[in-house]
Amino acid sequence: MFLNSLLPTLPNSISQILIYIVAGLGIILFIYSVFLEQVHRKDLVVLIGAVCLLAYAIYTKELVFILVFLGVAISSIIEFTEIFLGLHHHAQD
């Protein structure tokens with residue numbers, strides 16, 4: 001049918017609905033993190049967003065996005081840990 005190719009398939013199980021909700025939450029958090037001023041909060045929001053989008057990437061089995069969001073999550077953990085331990089310093093201009 002003509003409309004079948006234009007309209008996406010709707011999720012038909014609870015697990016599919018939840019994975020799309022998690023992905024949507026990840027998108028919102030990733031965008032929201034751009035507007036945060038405090039670095040430690042920004043890192044936590046990026047971490048949660050990356051983990052949400054990592055779950056979606058694992059669900060869709062997209063290797064490139066799995067690696068990207070895994071890298072973003074790990075770098076956010078490292079930077080938050082540096083800030084928490086007082087090791088993170090910004091360079092002076």
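How far apart are the end C-alpha atoms of α3? They are 31 Å apart, which agrees with the 32 Å that its 22 residues should span at 1.5 Å a residue. The expected span is 1.5 Å times one less than the number of residues. Helices here are DSSP runs of H or I with at least four residues, numbered from the N terminus.

Before you go on, note that this is a predicted model, in which local features need pLDDT of at least 70, side-chain atom pairs count only at pLDDT 80 or more, and totals for chains, interfaces and linings use all residues. Residues are numbered from 1 along each chain as its sequence is written, and side-chain values use heavy atoms, with hydrogens and water left out.

**Stop 1: along α3.** Select residues 39-60, which form α3. Its buried residues are D43, V45, V46, L47, G49, A50, C52, L53, L54 and A57. Buried means under 20% relative accessible area, exposed over 50%, and partly exposed in between (1.4 Å probe, protein chains only). Now show α2 (14-34) and α4, which are among what covers these buried residues.

**Stop 2: the core.** Select L53, L54, A57, I66 and F69, the five residues of the largest nonpolar core. Such a core is a set of buried Ala, Val, Leu, Ile, Met, Phe, Trp, Tyr and Cys residues joined through side-chain atoms within 4.5 Å. Both α3 and α4 (63-85) supply at least two of its residues, and α3 gives the largest share, three. Centre on L53: beyond its neighbours within four places in sequence, L53 is in contact (heavy atoms within 4.5 Å) with A23, G26, I27, F30 and F69.

**Stop 3: A55.** Leaving out neighbours within four places in sequence, A55 contacts I19 and V22.

Stop 4: D43 is buried yet has no salt bridge, and the nearest side chain of opposite charge, K42, is 7.4 Å away. A salt bridge needs a side-chain nitrogen of Lys or Arg within 4 Å of a carboxyl oxygen of Asp or Glu; Lys and Arg count as positive, Asp and Glu as negative, while His and the chain ends are not counted. Setting aside residues up to four places away in sequence, D43 touches S76, E79, F80 and I83.

Finish on S76, in helix α4. S76 counts as buried because its relative accessible area is 6%.
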